[in-house]
Amino acid sequence: MKINFQLEYATAWGENLVVVIHSSDAERLNLEPVYAMRYQEGLWTLALEVPEGAAFDYRYQVEGEQNQLLREEWGGRWHRFAANKSVESCRLIDRWSDMPEEASLFSSVFSGNCTIMNLRLPPSSAFSFITA
């Protein structure tokens with residue numbers, strides 16, 4: 001089965017997009033852990049031949065000229081691919097899951113995972129009220 005990955009993503013000069021494959025069955029599937037994509041006409045593409053019925057997880061990363069990791073999709077997100085045995089080829093038109101502009105709102109302060117201080121008010125007899 002032939003899988004055609006397709007992703008529209010802007011990179012700087014010298015940066016490359018790669019597909020990182022994770023599968024407990026990678027050896028049987030004859031899959032490498034990382035595949036470099038090709039840039040042409042505004043799209044990053046990769047044609048990959050996999051055995052019939054293959055299933056694996058994958059994600060995209062941006063690497064520099066010395067193959068160092070520069071960026072990866074936000075949240076360490078993995079995509080899941082499971083091949084249908086009756087399909088000969090498949091085109092995956094993906095999109096990059098970038099860090100949202102309001103990413104700070106996903107922090108523990110806003111997500112309800114913060115500890116709220118336990119404040120106690122003094123007994124009401126400790127207050128004196130002046131009435132005119």
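**Entry 1: rings**

How many aromatic pairs does the structure hold? I counted six in this predicted model.

I began with Y9 and W96. Their ring centres lie 4.4 Å apart and their planes meet at 25°, so I logged the pair as stacked; the cut-off for that label is under 30 degrees. Next I checked where the two rings sit along the chain. Y9 belongs to the loop between β1 and β2, W96 to the loop between β9 and α2, and 87 residues separate them, so this pair links distant parts of the chain. I also looked up their cover: both Y9 and W96 are buried.

Then I turned to Y58 and Y60. This pair is edge-to-face, with 5.8 Å from centre to centre and 85° between the planes. Are these two buried or exposed? Y58 has a relative accessible area of 3% and Y60 one of 0%. Both values are under 20%, so both residues count as buried.

**Entry 2: the overall layout**

I stepped back for the inventory. The protein has two helices and nine strands. Reading from the N terminus, I wrote down the order β-β-α-β-β-β-β-β-β-β-α.

Some totals for my own reference:
- Of the 132 residues, 30% are buried.
- Among contacts with a separation of 6 or more, 64% join residues 24 or more positions apart.
- The exposed surface comes to about 9,900 Å², and carbon and sulfur atoms supply 51% of that.

**Entry 3: the core**

Which residues have the most contacts inside the largest nonpolar core? I found F5, M37, F56 and Y58, in a core of 25 residues.

β1, β2, β5 and β6 each give two or more residues. The largest share comes from β6, with four residues.

Leaving out residues up to four places away in sequence, Y58 touches F5, V19, V20, I21, W78, H79, R80, F81, L92 and D94.

With β6 giving the largest share of the core, I looked at its cover. Seven of its nine residues are buried.

Which strands pair with β6? I noted these:
- β2 pairs with β6 in the antiparallel sense over seven bridges, and L17 has V62 as its bridge partner.
- β8, residues 79-82, is also antiparallel to β6, over four bridges. Here D57 stands opposite R80.

β6 and β7 form a hairpin with five residues between them. I kept N67, in that turn, for the last entry.

**Entry 4: the open sheet**

Next I traced a sheet of four strands. It is open, runs in the order β4-β5-β1-β9 and has mixed pairing. Its edge strands are β4 (38-40) and β9 (89-94), each of which pairs on one side only. Ignoring direction, neighbouring strands here are turned by 25° against each other on average.

β1, residues 2-7, runs parallel to β9 over six bridges.

**Entry 5: positive phi**

E41 has a phi of about 50° and lies in the loop between β4 and β5. N67 has a phi near 60° and is found in the loop between β6 and β7.

Are E41 and N67 buried or exposed? E41 has a relative accessible area of 78% and N67 one of 56%. Both figures are over 50%, so I noted both residues as exposed.

Note on methods. Residues are numbered from 1 along each chain as its sequence is written. This is a predicted model: local features need pLDDT of at least 70, side-chain atom pairs count only at pLDDT 80 or more; totals for chains, interfaces and linings use all residues. Side-chain values use heavy atoms; hydrogens and water are left out. Two strands pair if DSSP finds at least two bridges between them. Axes are lines fitted to C-alpha atoms, for helices over the stretch in contact, and angles run from 0 to 180 degrees between N-to-C directions. Rings of Phe, Tyr and Trp (its six-membered ring) pair if their centres lie within 6.5 Å; planes under 30 degrees apart count as stacked, over 60 as edge-to-face and the rest as tilted. Buried means under 20% relative accessible area, exposed over 50%, partly exposed in between (1.4 Å probe, protein chains only). Contact means heavy atoms within 4.5 Å. Accessible areas come from the Shrake-Rupley method with a 1.4 Å probe; for residues, only the protein chains shown count as cover. A nonpolar core is a set of buried Ala, Val, Leu, Ile, Met, Phe, Trp, Tyr and Cys residues joined through side-chain atoms within 4.5 Å.
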